[in-house]
Amino acid sequence: MKILWTSVATALILAIRSTAANAAINYTEHVNPFIGTEGPVPGTAYSAGNVFPGATLPFGSVKVGIDTTVNRFDLSFSANGGYTPDGYVTAITMLHESGTGGAPTYGLIPQMPLTTLEGVNVLDNLTYMQARVGEDVASPGYYKTQLQNGVTAEMSATMHAGIMRYTYPNETDGRFVLIDLSHYLPSRGRKEQAYSNGKLERSDDGTWYSGYGVYREGWSWGGDYRVYFCAQFDATPSQSQLFSGRATDPFWPNTTGVEPSFTNQTWIEGGTIGYQYADRIGALFEFPSNVTTLRSKVGISWVSTDKACQFLDEIPHWDLEAVRDAAQDKWSSDVFSKIDVTSTNHTQLEMFYTAMYHAHLLPSNRTGENPYWESDEPYYDDFYTIWDTFRCLHPLLTLIQPKVQIEIVRALIDIWRFERFMPDGRSHNFNGRVQGGSNSDNVLADAYVKGLRDGINWTDGYAAMRTNAEVQPYNNFDFEDPTGSTKEGRGALQDWKQYGYVTPDRGRCLSKTVEYSLNDFSLSQVARGEAPGDVVKYLNRSAGWQKTWAADVTSLNFTGFLAPTYANGSYQEYDPLSCGACEWSSISYEGVPWEYSWTIPFDMETLISRMGGLEVAEARLDTMFIPGLSRSDQGGNSAGTTIYNPGNEPSFMTPFLYNYLPQRQHKSVQRSREIVNQYYNTGRSGIPGNDDAGAMSAWLIWNMIGLYPVVTQPVYLVLAPWFENIAMRLGDGGPVLKINATGLDEGPYVQSLRVNGQEWNKSWISHEDIVRPDGQVSVLEFVLGANQATWDTGDVPPSPGHVEL
């Protein structure tokens with residue numbers, strides 16, 4: 001039976017139909033990978049979502065896409081996902097991040113199809129870069145671009161391998177593929193990544209080549225790491241040469257006059273193993289003029305060249321369409337079918353399923369690909385970063401992808417076993433960097449209170465959390481904040497343990513105090529089951545934010561704010577509406593004190609009391625959304641002119657805090673609709689700022705299904721759904737959550753709600769209400785309308801971390 005989007009029986013059918021039937025629905029037609037690739041300046045990537053629009057699988061280890069320059073600023077400007085709308089193509093590479101800010105990582109293991117060598121220095125990316133002709137094409141598992149030289153490049157991917165197809169123009173005789181092993185995504189300043197060394201060998205006939213590249217640094221810092229590759233062509237080159245050149249930036253060798261040396265040997269090395277300034281190396285393959293279509297496959301491994309070659313078996317043919325179709329089936333069955341919605345509004349469908357797509361790009365599943373230790377545990381990399389993703393992305397995975405979230409939790413714990421600390425940020429198998437607290441604690445606590453157990457060693461999990469809470473990490477003297485570690489753990493732990501808060505002697509003192517408070521609340525949550533004797537200790541420590549509450553600080557006629565507090569209890573002079581650059585050495589990170597003063601989700605009872613009670617708190621919350629009050633300029637991390645910043649994570653939960661005020665849930669719905677309608681759309685600038693590894697997209701998903709997770713608690717705030725019928729599959733073969741809404745055409749506000757058949761008067765539901773212990777289908781039945789009804793007469797959401805100091 002064919003299932004249509006408009007079928008009123010979708011939710012019921014979803015509960016019983018098979019994976020094969022799910023795959024039959026063409027969810028991918030509602031996915032636009034280009035949403036979030038542009039910023040507010042049309043045609044540019046400045047302040048864009050930095051999403052990766054290339055070809056990959058859910059949490060794919062390989063992400064195949066184009067790398068480009070940024071023309072309207074400077075040619076070495078960051079392009080974090082590789083793609084920019086106006087840039088010239090410098091390579092097609094196998095590894096990328098998605099949605100990240102800061103300096104880029106990866107853009108490694110390249111190929112570049114060329115039609116001529118005239119004017120080309122193979123060591124200078126800018127001498128052979130190509131403009132694009134027409135519009136690029138992208139869909140889940142597929143990417144296509146046409147270069148100015150006439151070559152059409154198409155690509156698709158499996159978990160560990162990519163396949164490319166190059167169609168050369170008939171009117172040119174040249175058919176070249178250039179491999180510059182030293183290629184990477186460039187940046188500016190001291191956080192730029194770099195090429196260190198490498199090795200490359202080819203078969204006698206040139207149809208195969210393999211080896212490894214050695215790279216270092218990038219946003220997460222870190223020393224040398226290796227990426228192994230193994231590649232094959234489906235045609236025999238007429239000539240194959242390897243080349244080398246002195247160490248230099250691959251984008252600016254003309255400043256040092258570096259020229260390549262070619263050799264007909266079948267192997268070449270950059271230099272002595274361990275040498276970071278080895279020769280740049282690469283290969284140049286020329287194909288006969290009768291080869292008009294050339295295919296290539298590249299396997300990638302972090303362990304060995306042999307494994308990279310084995311991964312080519314994931315593509316045992318040369319049929320790119322078959323790889324594309326398999327990828328799209330994988331996306332449909334493993335991701336899109338997890339939440340099936342009924343709607344005739346194609347704009348909303350595109351926003352929703354594109355967000356689902358973006359929310360499943362990172363972290364990268366590299367199970368079996370850890371080069372540093374052997375383990376039976378799953379392994380994930382590219383947490384970029386948990387500071388961004390713990391609030392919305394991980395709770396989403398816990399609900400619809402519990403097996404994946406269990407694997408991620410097990411991976412985090414295993415990293416602790418071997419490296420002493422769980423990461424907050426991690427790329428290329430290196431912990432770094434920490435933007436605030438030890439937010440892996442929050443991820444573990446959220447999984448724990450929602451009952452994730454299968455395969456997780458919670459004794460070790462709690463021990464890993466206690467390491468964050470009790471062990472001072474060594475100071476890596478980050479040039480952006482040399483006051484404490486930015487590699488892992490809590491860099492200002494010495495202050496936290498001595499004073500109960502972080503002093504201005506440490507960078508980001510105000511935001512760290514707030515985050516450490518939530519981190520210790522997370523420990524108290526897990527301790528309830530794993531170490532009951534620790535509960536009171538960490539619950540009391542979680543109230544540390546109260547020690548920095550300045551009851552006499554006034555801003556915009558409101559009194560009482562978090563303040564940068566010295567060890568003697570005095571305050572550093574500051575403006576609650578400003579945090580300067582809001583960076584590593586500022587008093588707060590990517591959010592002003594006005595914002596951070598709302599981020600106490602575990603003890604809203606105390607927070608509201610300190611603000612002056614319900615009426616004052618409501619007026620103060622209203623003020624967050626008045627245009628023109630923002631005094632902070634955070635560049636690409638800012639959106640709009642309100643104090644509330646829709647472009648960054650500290651403000652994620654703020655619009656929905658009205659649920660903590662009796663009979664004010666309708667204001668949360670109002671804010672949800674206003675923010676989504678103003679800042680999210682199906683255009684290429686349809687995300688307000690960096691997507692942050694899917695964090696922004698996950699926030700949008702929660703809004704559109706009508707719930708919001710209170711991370712580290714088994715609690716969801718009730719908003720209002722955007723679709724008439726939503727069917728969420730809670731895991732593989734698990735129960736179904738049905739969310740039905742009548743009256744959408746009349747208005748967005750909740751008139752009444754029934755939960756599993758019972759009339760409901762609370763503005764929140766528990767995890768057990770939607771993931772029922774007996775595995776039954778759960779049902780939320782909304783009646784919506786135009787009136788801002790006060791239906792929420794029951795208890796406000798709990799404050800399980802309530803402590804009075």
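1. In this predicted model, Tyr 277 is exposed, with a relative accessibility of 51%. The cut-off matters for this residue, because exposed is defined as over 50% relative accessible area. Tyr 275 has a relative accessible area of 45% and is therefore classed as partly exposed.

2. Tyr 275 and Tyr 277 also pair with each other. Their ring centres are 6.5 Å apart and their planes meet at 70 degrees, so the contact is edge-to-face.

3. Another edge-to-face pair is formed by Phe 558 and Trp 594, with 5.9 Å from centre to centre and 85 degrees between the planes. Phe 558 belongs to strand S23 (residues 558-562) and Trp 594 to helix H14 (residues 593-596), so the pair ties together parts that are 36 residues apart in sequence. Both Phe 558 and Trp 594 are buried, whereas Tyr 277 is exposed.

4. Aromatic contacts also occur in a group. One aromatic cluster is made up of Tyr 27, Trp 331, Phe 336, Phe 352, Tyr 353, Tyr 357 and Phe 723.

5. For the model as a whole, the count of aromatic pairs comes to 41.

Technical notes:
Residues are numbered from 1 along each chain as its sequence is written. This is a predicted model: local features need pLDDT of at least 70, side-chain atom pairs count only at pLDDT 80 or more; totals for chains, interfaces and linings use all residues. Side-chain values use heavy atoms; hydrogens and water are left out. Rings of Phe, Tyr and Trp (its six-membered ring) pair if their centres lie within 6.5 Å; planes under 30 degrees apart count as stacked, over 60 as edge-to-face and the rest as tilted. Buried means under 20% relative accessible area, exposed over 50%, partly exposed in between (1.4 Å probe, protein chains only). Helices (H or I, at least four residues) and strands (E, at least two) are DSSP runs, numbered from the N terminus.
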